[in-house]
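Here are some notes for a first look at this structure. Please read them with the model open beside you.

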Amino acid sequence: MSQSLQAALAAGVRSLGLNLSDGQIGQLLDFLALLQKWNRVYNLTAVREPGDMLTHHLLDSLAAVPALQRQLAAQAGAGQAASTLLDVGSGGGLPGVVFAICLPELAVQCVDTVAKKAAFVQQVAVSLRLPNLRGVHARVESLAGPFDIVSSRAFASLADFTAWSQAALAPDGIWLAMKGKHPAEELAALPGGVEVFHVEPLRVPGLDAERCIVWMRHGANPAGAPDALT
């Protein structure tokens with residue numbers, strides 16, 4: 001891995017205010033190297049250039065980590081400590097692998113319907129010595145859970161994402177959906193059984209693009225009226 005990529009990653013981590021060890025930084029770089037290597041054969045992502053992979057995939061996923069840390073702390077304070085996370089449509093392990101590296105207390109499963117992508121995540125778990133990471137080849141509808149957190153990154157519409165993964169989410173669990181621009185139309189299309197409790201803007205170091213997280217949970221309240229962006 002080039003020194004320029006290492007420097008850019010370190011700068012991005014500092015910019016996000018993340019407190020990662022040298023070992024975790026090394027795992028992130030090793031993950032990026034594995035993604036580049038496997039992508040040549042298995043076409044895990046359309047992004048090919050290492051620098052673009054760093055910003056569009058690694059830093060993009062890392063941008064969600066501080067928000068997830070805050071949510072986990074809030075849940076723990078409310079007596080609902082989360083320990084399991086399911087990343088849906090994980091593809092090359094984004095953001096699931098990044099979450100597993102940065103949050104070793106979480107047991108992370110990355111599910112994808114494409115066998116080679118699930119196999120790649122399994123290889124990452126072995127190569128990076130991540131006992132809390134697992135790749136699963138399945139349809140999310142077939143997974144019963146329960147998982148405390150169900151995440152996705154540019155996977156599907158919010159309505160489809162929540163419908164397909166509803167059985168996997170614990171009764172008091174939360175959905176974490178990473179999106180680009182504020183998805184007003186998707187929010188309006190959510191059923192009443194899904195409650196949006198926050199739409200959180202994200203800033204990705206080195207990437208001039210809109211990003212946000214839509215936080216949701218089971219509920220009977222009408223969806224589509226989330227907290228204002230802050």
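1. Which residues in α4 are buried? In this predicted model, the buried residues of α4 are Val65, Pro66, Ala67, Leu68, Gln71, Leu72 and Gln75. An α-helix has 3.6 residues a turn, so residues three or four places apart point the same way. Keep that in mind when you look down the helix.

2. Now take the helix as a whole. Helix α4 covers residues 65-77, 13 residues in total. From first C-alpha to last, α4 reaches 18 Å. That is close to the 18 Å expected at 1.5 Å a residue. Just after α4 comes Gly79, with a positive phi of about 80°.

3. The largest nonpolar core has 55 residues. Leu9, Phe31, Leu62, Leu68, Val98 and Leu133 have the most contacts inside this core. Helix α2, residues 22-42, gives the most to the core, with eight residues.

4. Which residues does Leu62 contact, leaving aside its neighbours within four places in sequence? They are Leu9, Val13, Leu16, Leu18, Leu20, Leu28, Val98 and Cys102.

5. Helix α2 packs against α1, residues 3-15. The angle is about 130°, and the axes are 11 Å apart. Angles over 145 degrees count as roughly antiparallel, and 65 to 115 as roughly perpendicular. α1 and α2 are therefore oblique to each other. Their crossing is right-handed. From α1, Leu5, Gln6, Leu9 and Val13 take part in the meeting. From α2 come Ile25, Leu28, Leu29, Leu32 and Gln36.

6. Helix α2 also crosses α6, residues 115-127. Here the axes come within 11 Å, at roughly 150°. The two helices, α2 and α6, are therefore roughly antiparallel to each other. The crossing of α2 and α6 is right-handed. On the α2 side, the contact is made by Phe31, Leu34, Leu35, Trp38 and Tyr42. On the α6 side, Lys116, Ala119, Phe120, Gln123, Val124 and Ser127 make the contact.

7. Check the cis peptide bonds. One joins Leu94 and Pro95, with omega about 5°. Pro95 sits in the loop between β1 (84-88) and α5 (96-102). Another cis bond joins Gly145 and Pro146, again with omega about 5°. Pro146 belongs to the loop between β3 (133-137) and β4 (147-153).

8. Then look at positive phi outside glycine. Arg129 is not a glycine, yet its phi is positive, about 55°. Its place is the loop between α6 and β3. Arg129 is exposed, with a relative accessible area of 71%. Ala154 also has a positive phi, near 50°. Ala154 lies in the loop between β4 and α7. Is Ala154 buried or exposed? At 68% relative accessibility, Ala154 counts as exposed.

9. Last, Trp164. This residue is in helix α7, residues 158-165. Why does Trp164 count as partly exposed? Because its relative accessibility is 33%, and partly exposed falls between under 20% for buried and over 50% for exposed. Leaving aside neighbours within four places in sequence, Trp164 is in contact with Val140, Glu141, Phe155 and Ala156. Trp164 and Cys212 are 48 residues apart in sequence. In space, Trp164 and Cys212 are 21 Å apart, C-alpha to C-alpha.

Technical notes. Residues are numbered from 1 along each chain as its sequence is written. This is a predicted model: local features need pLDDT of at least 70, side-chain atom pairs count only at pLDDT 80 or more; totals for chains, interfaces and linings use all residues. Side-chain values use heavy atoms; hydrogens and water are left out. A nonpolar core is a set of buried Ala, Val, Leu, Ile, Met, Phe, Trp, Tyr and Cys residues joined through side-chain atoms within 4.5 Å. Buried means under 20% relative accessible area, exposed over 50%, partly exposed in between (1.4 Å probe, protein chains only). Helices (H or I, at least four residues) and strands (E, at least two) are DSSP runs, numbered from the N terminus. Contact means heavy atoms within 4.5 Å. The expected span of a helix is 1.5 Å times one less than its number of residues. Axes are lines fitted to C-alpha atoms, for helices over the stretch in contact, and angles run from 0 to 180 degrees between N-to-C directions. Angles under 35 degrees count as roughly parallel, over 145 as roughly antiparallel, 65 to 115 as roughly perpendicular and the rest as oblique. A crossing is left-handed if the near helix is turned anticlockwise from the far one by less than a right angle, and right-handed if clockwise.
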